[in-house]
Amino acid sequence: MKHRTWPVRSEGSRFAALRLSRSGGKKEETHHYGKRFSSVTIPSRSSREESDFSKLPDDILLKIAATFTLPNLQTASLVCKSWRDALRPLREAMLLLKWGKRFKHGHGRVRPNIQKALDSFLKGAARGSTLAMVDAGLIYWEMGKKEKSIALYSKAAALGDPTAQCNLGISYLHSEPPKPVEAVKWLYLASNAGYVRAQYQLALCLHYGRGMDHNLPEAARWYLKAAEGGYVRAMYNVSLCYSYGEGLVRSHRQARRWMKRAADRGHSKAQFEHGLGLFSEGEMMKAIVYLELATRAGETAAAHVKNVILQQLSATSRDRAMLLADNWCALPTSH
């Protein structure tokens with residue numbers, strides 16, 4: 001599922017694209033080895049026994065490991081036999097998750113089959129994996145079964161999965177009726193966990209006062225966090241914040257820097273606006289490349305400006321610019 005980013009572009013805003021060990025009563029033994037090593041503390045036997053993680057109840061362990069990926073599960077399973085046995089359901093969930101993705105996307109010589117994908121994800125979710133819960137929730141959302149989707153997101157979010165927390169927040173924004181206050185609560189949790197998509201969505205809520213008071217400086221702070229984390233839409237909005245002095249101190253240099261970053265990562269509006277900036281500075285060849293990229297991405301206004309510039313270039317320069325556009329590759333992003 002790709003939830004449509006709120007608010008939509010048609011709404012008219014220029015931002016729319018936009019543990020402490022205990023001794024158990026016994027003294028710990030301390031050995032001194034001179035000046036180089038002042039002391040080495042050796043826990044008493046009772047202290048070691050109290051920190052024996054093999055005695056951790058299985059249900060607690062499964063909750064702790066619910067968000068683990070396969071490498072983390074494999075590592076945790078090596079701690080002791082009791083952990084290896086307790087984590088078996090989650091390791092099985094990882095296999096079901098793998099097959100679910102194959103059925104969903106048609107990978108590994110498997111024909112796409114959305115129902116088989118959903119069945120695999122649900123079996124993984126039943127074994128406690130939040131990753132499988134999120135993927136099942138995505139399919140339910142795409143099917144229009146929003147209540148089932150939200151139920152899965154809620155379960156995974158409560159177990160601490162930041163992707164689920166973000167998706168749950170977005171789902172509440174789009175539910176009927178919307179629940180912006182509840183949405184913001186989950187977006188905050190995911191944002192504080194470092195999830196850049198949630199940081200961007202939270203910034204939008206702060207910017208437009210959904211579920212909280214309108215707060216441009218705070219919105220700009222979260223836009224900047226998401227942009228620094230590689231989220232391309234946030235890069236574009238950070239550029240606008242710097243350009244108009246909204247939430248950030250106005251800075252042409254920073255605005256251009258972030259606009260170029262967004263453009264180089266495939267943001268079509270940023271490509272158009274960065275191309276215009278290059279044109280105004282006399283950088284015709286570079287301007288043509290960005291305007292051509294924006295045109296190919298559907299920015300119709302870019303085509304008119306591009307054609308005006310092309311008339312000023314020689315045939316050799318025009319061919320060179322088109323070749324650069326043909327060989328252009330977007331830099332990686334985190335969205």
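The legends below describe a predicted model in an overall view and a set of close-ups.

**Overall view. The chain has 18 helices and two strands.** Helices (H or I, at least four residues) and strands (E, at least two) are DSSP runs, numbered from the N terminus. Of the 335 residues in the chain, 43% are buried, where buried stands for under 20% relative accessible area, exposed for over 50% and partly exposed for the range in between, with a 1.4 Å probe and protein chains only. The accessible surface comes to about 18500 Å², and 53% of that surface belongs to carbon and sulfur atoms; such areas come from the Shrake-Rupley method with a 1.4 Å probe, and for residues only the protein chains shown count as cover. Residues are numbered from 1 along each chain as its sequence is written, and side-chain values use heavy atoms, with hydrogens and water left out. Because the model is predicted, local features need pLDDT of at least 70 and side-chain atom pairs count only at pLDDT 80 or more, whereas totals for chains, interfaces and linings use all residues.

**Close-up A. Helix α10 packs against helix α11.** The axes of α10 (residues 180–192) and α11 (residues 196–208) are 8 Å apart and form an angle of about 135°, the axes being lines fitted to C-alpha atoms, for helices over the stretch in contact, with angles that run from 0 to 180 degrees between N-to-C directions. The two helices are therefore oblique to each other, given that angles under 35 degrees count as roughly parallel, over 145 as roughly antiparallel, 65 to 115 as roughly perpendicular and the rest as oblique. Their crossing is left-handed, a term for a near helix turned anticlockwise from the far one by less than a right angle. From α10, V184, L187, Y188, A190 and S191 meet A198, Q199, Q201, L202, C205 and L206 of α11, where contact means heavy atoms within 4.5 Å. By class, this contact of α10 with α11 holds eight nonpolar, three polar and no charged residues; Ala, Val, Leu, Ile, Met, Phe, Trp, Tyr, Cys and Pro count as nonpolar, Asp, Glu, Lys and Arg as charged, and the others, Gly among them, as polar.

**Close-up B. Helix α14 crosses helix α15.** The axes of α14 (residues 252–264) and α15 (residues 268–280) come within 8 Å, with a crossing angle of roughly 130°, which makes α14 oblique to α15. The crossing of α14 and α15 is left-handed. R256, M259, K260, A262 and A263 of α14 make the contact with A270, Q271, E273, H274 and L278 of α15, and these residues divide into five nonpolar, two polar and three charged.

**Close-up C. Helix α16 crosses helix α17.** Here the axes of α16 (residues 284–296) and α17 (residues 300–310) come within 9 Å and cross at roughly 150°, so that α16 is roughly antiparallel to α17. The crossing of α16 and α17 is again described as left-handed. On the α16 side the contact is made by M284, A287, I288, L291, E292, A294 and T295, and on the α17 side by A302, A303, V305, K306, I309 and L310. The contact of α16 with α17 comprises ten nonpolar, one polar and two charged residues.

**Close-up D. A321 lies in helix α18 (residues 315–326).** A321 counts as buried, at 0% relative accessibility. Leaving out residues up to four places away in sequence, A321 touches M285, I288 and V289. A321 and A287 are 34 residues apart in sequence, with their C-alpha atoms 9.1 Å apart in space.

**Close-up E. W328 lies in the segment after α18.** W328 counts as partly exposed, at 27% relative accessibility. Apart from neighbours within four places in sequence, W328 is in contact with A263, D264, G266, Q271 and L293. The C-alpha atoms of W328 and L293 are 8.6 Å apart, and the two residues are 35 residues apart in sequence.

**Close-up F. L97 lies in helix α5 (residues 88–105).** L97 is buried, with a relative accessible area of 8%. Not counting residues up to four places away in sequence, L97 touches F121, L131, A132 and D135. L97 and F121 are 24 residues apart in sequence and 5.7 Å apart from C-alpha to C-alpha.

**Close-up G. Two loops carry backbone details.** R109, in the loop between α5 and α6 (114–126), has a positive phi of about 60° although it is not a glycine, and R109 is exposed, with a relative accessible area of 89%. The peptide bond from E176 to P177 is cis, with omega near -5°, and P177 has its place in the loop between α9 (162–174) and α10.
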